[in-house]
Amino acid sequence: MSMEKTYQPAAIEKDWYQHWEEQGYFAPSGKGEPYCIMIPPPNVTGSLHMGHGFQESIMDALIRYHRMQGCNTLWQVGTDHAGIATQMVVERLLAADDVSRHDLGREKFVEKVWEWKEHSGGTITRQLRRLGASPDWSRERFTMDEGFYKAVQEVFVQLYDDGLIYRGKRLVNWDPKLHTAISDLEVISEEKQGHLWHFRYPLTDGSGHLTVATTRPETMLGDTAVAVHPDDERYKHLIGQTITLPLCDREIPVIGDDYVDKDFGTGCVKITPAHDFNDYEMGQRHALPMINIFNQDAQINDNAPEAYRGMDRFDARKKIVEDLDALGLLEKIQDHTLKVPYGDRSGVVIEPWLTNQWYVKTGPLAEEAIKAVEEGEVEFVPRQYENMYFSWMRDIQDWCISRQLWWGHRIPAWYDESGKVYVARSEDEARKKYQLNDKVKLTQDEDVLDTWFSSGLWTFGTLGWPENTDFLKTFHPTSVLVTGFDIIFFWVARMIMLTLHFKKEIPFKTVYVHGLVRDSHGQKMSKSKGNVLDPIDLIDGIDLESLVEKRTTGMMQPHLKQKIEKMTRKEFPEGIAPYGTDALRYTYYSLASTGRDINFDVGRIEGFRNFCNKLWNASAYVLMNTEGMDPAEENYTLSLADRWIISRLQEAEKAVAEGFRTYRLDLASQALYDFIWKDYCDWYLELTKPMLKPGNVDEATQNGTRRTLVRVLETTLRLAHPLMPFITEEIWQKVKARAGAEGETIMLASYPQADENKIDAQAIADVEWLKSVTIGVRNIRGEMNISLGKNIPLYFNNASDNDKRCIEENRQFLLKLAALESITVLAPGEEAPLSAPAYVGDLEILVPMAGLIDKDAELARLQKEASKLQTEVKRLQGKLSNAKFVDNAPAEVVAKEKDKLKDYEQTLEKLSEQQSKIAAL
RNA sequence: AGGACCAUAGCUCAGUUGGUUAGAGCGCUACCUUGACAUGGUAGAGGUCGGCGGUUCAAAUCCGCCUGGUCCUACCA
């Protein structure tokens, strides 16, 4: 069974994936404890980015881990219909043919969207396969699925009947480009440089004027009051009087309200209840009229004076400032920094606008949702994210759930001709429910629901609710939700609220919150920064020209093109090498610690590609040395090395399990990496070499070595499989027979569990001894530039009984690992040749200098060692001469420090003896 | 304005309940194509753990303040 000289991921990944999928290995086994993860449904228009890659890799590791542990594992995938995003994509396509959705009409347009979805939607779920993800594809769901729509309707109707959904005319965040309301969370406020305009508003009685300051002059057309603080000595006598609003010639009152900050601006605020959230509330308090001055495009409407009608809001602003200036009413213009709200999809300034919308009354739902987390029913990992959750939940606003879009779940509400609303699952049901006869004409609400409304039902809606299906009974509540903190409010909070209300149970037991993937300098990856990495490119590799091309086409700001090109060429002069899926996944795991930012450094993936190659080549060695072996051979004895690697394996298994238990995949992956590279490859494989050399040891010991070699490898592969699925499967298939393992696939093989009884403390201690001695010799060789090709004689002096035993038992190992020509143990009093020394406790390891070592170089080496120790000795002496330390610290700690000091002092003494001996030459 | 998180080697990151000569990978230096692996091996250099104070016998670790960074939430028109 020969293997390629280097690991070639591209050669095996697709085949294995296809095989697994065809064999149905991803589906729940139907046996064992249920374990379920629901994918946070990515946007159907999306494609796989680094953040997805990271998240899916984590979920897949958790799923594979539990599947191998015998759980009945369901990982359910799907996408959400992303109302606004998807509608925009399709509209843009239509626009290319100069067609608008209004040309097509609603029904035709929605058909087009479905067509698009069939052909182009779900790119991301296809890309998921490249990551080796193992969800049950047969249960892939979409938020617009028929069954899911049923759940959405059911929830809407029930919430309405429970009094938790209502319709109301209120100010909403209106997107004048997309012509829809959006929720608070979809509004991004950005700090901008603007102005504060000071206008004089004349008092109606002609006795003077008030000066108001505003950042939005155009809204003055809708002013219905001017507010001052009731205690403001400057103005309080004016409360109750009126001013005549310039340009509109309307009389509006001066009111007192302690919302006004006396010290900001002029202390007088113009109040526009129809176009500002704070003014709206003040309007409610003072029963002010609301004058809406904008149409849906945020152009001035017919409620405003004729001169401004039809103008865009920003043009109107300019015009109004000019006109007021002409009237001598512009007092001054100040520079002013303010937060401007933008729509996160459209990028245009959001307008508070008065419309009829549907709302969820979140108060009662939030109360339960807070309780679930407080009482530990739902647990956040890391815990600190609970604060974020609580702070939002305790200050939650009612949730505007209607959207003026065509793509989405249509609101199950009907109106009669007088505008009275009837909520039911269908028009028929509405008639029955509200006892309406056929003469009443009903029309369905035109609006659709916020995508997150349906996403909120994801855990139970996708399992068949409202029907009580077997899957629902088995897998709900789900085990863990894996998500980014950016989505705690959007989604996690809403899922908890809705699921508690409808299922009377939590949606998931644990929320594992991971960080956000950024570039290696902590910058957010974005097209406009040109620092985007595509996970697929890291897997398959990409040449420089294609990468530059990819990063610089379709840019919103073409002027950045040159900069991005330069940066890309500098960072990736050779393009990106193909690293393979397992290396990418391993990189993700190594970064999955508790931090909030994940800085992805391409330098690290290369290291893990090398790691894959290391495992690959170690396996080649194992295969080469176990050819033709009988896995059932019973004539074997385990050597020290065998017992040691088996012990270390148990410890690695423990560490990996702990990493999974605490969601510290960085620690799990590190433990595994160290075990494979440092323990298994660097030491154990080297130790097997002298054992397998003919004539060195008896047959039973050789059998033991072969057995251990292949069995530890086989176990390690299973241990590593959740993290690196492809390479482990490929190798496992080659070694399983020799290791006496059975099964069709490593995916379904059992997961290794640490066995304390297999931890052999003596073996660990002995190998530690062996390593120390070897490293001592190697240090001398390395520092003295003695080639490893040259075998050297070695002397031991001052050996204890234990040292002598170790020397004897490890003679073969020592000869090989330290490349020795001979080993001599000096008897007490016996004179050693002049040597370069290393010390392991009391044991002196001596490399004779004759013909090998230069006097000055050796003196320098000894001096370096000595000064290191001197620093330590000084530190320890100081510590131990401090009575407070000796009196107060635990006796063990003091004893430990004393031992260390003694040890260092002795070594130091020997070093200086040695120095003077050599110096005397 | 309030809050969270972060600051450890040139770079990207670990560091459990306070006690390690503070670790890893990459990069760097020297040597090495040794029969698994040069995507490798061996050895080495490199850190007043952001700053200042405090608690303690003992602080990278706990507390306070400051500086720098990232990000939430709420905003003064």
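Reader: In what sense do strand E15 and E23 pair, parallel or antiparallel?

Author: Keep in mind that this is a predicted model. Find E15 at residues 379-381 and follow its three bridges to E23. One facing couple to look for is Val 381, opposite Tyr 512 in E23. The sense in which E15 and E23 pair is parallel.

Reader: Which strand do six bridges join to E23?

Author: Look for a strand that runs parallel to E23. Leu 481 belongs to the facing couple here, standing opposite Val 511 in E23. The strand joined to E23 by those six bridges covers residues 478-484, and its name is E22.

Reader: What is the handedness of the β-α-β crossover from E22 to E23?

Author: Trace the chain out of E22 and you go through helix H16, residues 488-503, before you get to E23. That crossover is right-handed.

Reader: How many residues of strand E23 are buried?

Author: Buried here means under 20% relative accessible area. E23 spans residues 508-514, seven in total, and the strand is mostly covered. The number of buried residues is six.

Reader: Now for a pocket. How many charged residues are in the lining of the second largest pocket?

Author: That pocket holds about 1100 Å³ of space. Its lining has 41 residues, with Arg 216 and Asp 276 among those nearest the centre. Take out the 17 nonpolar and 14 polar ones, and the charged count is 10.

Methods: Residues numbered from 1 in each chain as written. Chains lettered and ligands numbered in written order. Predicted model: local features only at pLDDT ≥ 70, side-chain atom pairs only at ≥ 80, totals over all residues. Heavy atoms only, no water. Buried < 20%, exposed > 50% of the residue type's maximum accessible area, 1.4 Å probe, protein only. Helix = DSSP H or I, 4+ residues; strand = E, 2+ residues; numbered from the N terminus. Pairing = 2+ DSSP bridges. Right-handed = clockwise from strand over helix to strand, strands pointing away. 1 Å grid on protein atoms, 1.4 Å probe; cavity = no way out; pocket = protein on both sides within 12 Å on 5 of 7 lines; lining within 4 Å. Points joined across faces, edges and corners; volume = space filled by probe spheres on them. Nonpolar A, V, L, I, M, F, W, Y, C, P; charged D, E, K, R; others polar.
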